[in-house]
Amino acid sequence: MSATPDVLGVSGPSTPPKRDPSPSDTPSSGASSSGAASPKRDLSPPGADEITRIVPRRHIGRWLSGAVALLVLAMVVNSVVRNERFQWSVVGQYFTTPAVLDGLLLTLWLTAGVMVLGFLIGTVFAVMRLSANPVLRTISWGYVWIFRSTPLLVQLLFWFNIGALYPTLGIGIPFGPEFLTFKTVNLFGAGLTALIGLTLHEAAYAAEVVRGGILSVDGGQTEAAQSLGLSRWRVLRRIIVPQAMRSIVPTAGNMLIGTLKGTSIVSVLAVQDLLFSVQLIYNRTYQVIPLLMVATLWYIAVTSVLSVGQFYVERYYARGAARELPPTPLQRLRHRTADLAGRLRTATAPTRPPAGNREEFHK
């Protein structure tokens, strides 16, 4: 055996050259020795090739709580539907009468007018509150402070009796002659008083909602728009307000529903809204409970429609902020139907045999 020097100059045994293994070098299946390589064994557990089915975890507590909730709900619905004192026949009789529909129309008109005028005035006061002018900021803060601190019923009664404080109103020069005067009693009726009182009360809350939405927009948006030479009014109208709507719409939707229900308070001013209309009927027929159920069902129906509209408006303004828009109820129904159909196809499909036992399966 010859020695060959390595890199460090230290001699060592020479490495025998590699050669291709011959068939004689391969150990036979029956022979085994300590130096021979053992054949490769399959360490996978038995049945690994078979298709296993994943069994989901069973939530016993979830099913029990759901069953109890459904039982309680069924008891409540049964007590309402089968209670003869509700007089459902009377409810159906007065549900679409002209007097009730006229009151509902006035309620919807009053709600729409209050929301539109309230948010227009509230937006002006919100911009004044964010202005650099200290006078405008103080006026805006004082308006919000006064109208949020006074109960709505007190405000309505105050505007209804405004004639006792100001018998006449005039237009002219301050501390000078008046060009036009008119009596307050002839100007402020019950309907106009309700509209003014609700609008001024709503504008105070709308101002804070709009201000919060504007403040939620990153300040870099304003700086980037001003660097392009856009005017402050155009920045507010085209850059700030569209992005602030994502924060304004949910709260505005709640205010809309609250205003719809809050219009019932104008019945103290003898405004023939929905509640006052049913009150006139049950004061004549003494059927208080069924007539109140008529008003309740109409309020629930209109509120449900407004909630659906609020969902789609929120989805519209979420286009630039969310990667995926929230699915609509129709899309959710389609996805659940497709998922259920896929599960049924999987459950009814024939089981595929394992790869190693296909020949035995066919035999």
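1. Accessible areas here come from the Shrake-Rupley method with a 1.4 Å probe, and for residues only the protein chains shown count as cover. On that basis the protein exposes about 26,300 Å², of which carbon and sulfur atoms supply 62%.

2. This is a predicted model, in which local features need pLDDT of at least 70 and side-chain atom pairs count only at pLDDT 80 or more, whereas totals for chains, interfaces and linings use all residues. Residues are numbered from 1 along each chain as its sequence is written, and side-chain values use heavy atoms, with hydrogens and water left out.

3. The protein has 14 helices and four strands, these being DSSP runs numbered from the N terminus (helices H or I, at least four residues; strands E, at least two). Of the 363 residues, 26% are buried, where buried means under 20% relative accessible area, exposed over 50% and partly exposed in between (1.4 Å probe, protein chains only). Among contacts (heavy atoms within 4.5 Å) with a separation of 6 or more, 66% are between residues 24 or more positions apart.

4. Helix H3 (residues 98–129) and helix H4 (residues 134–149) have axes that come within 7 Å and cross at roughly 130 degrees; the axes are lines fitted to C-alpha atoms, for helices over the stretch in contact, and angles run from 0 to 180 degrees between N-to-C directions. H3 and H4 are therefore oblique to each other, given that angles under 35 degrees count as roughly parallel, over 145 as roughly antiparallel, 65 to 115 as roughly perpendicular and the rest as oblique.

5. Which residues of H3 meet H4? Phe125, Met128 and Arg129 in H3 do so, and their partners in H4 are Leu136, Arg137, Ile139, Ser140, Trp141 and Tyr143. By class, this contact of H3 with H4 has six nonpolar, one polar and two charged residues, with Ala, Val, Leu, Ile, Met, Phe, Trp, Tyr, Cys and Pro counted as nonpolar, Asp, Glu, Lys and Arg as charged, and the others, Gly among them, as polar.

6. Most residues other than glycine have a negative phi. Gln87, in the loop between helix H1 (60–81) and helix H2 (88–94), has a positive phi near 55 degrees and is partly exposed, with a relative accessible area of 32%. Ala270, in the loop between helix H10 (232–262) and helix H11 (274–285), has a positive phi near 65 degrees and is partly exposed at 47%.

7. Pro329 is found in helix H13 (residues 329–348) and, leaving aside neighbours within four places in sequence, is in contact with Phe311 and Tyr312.
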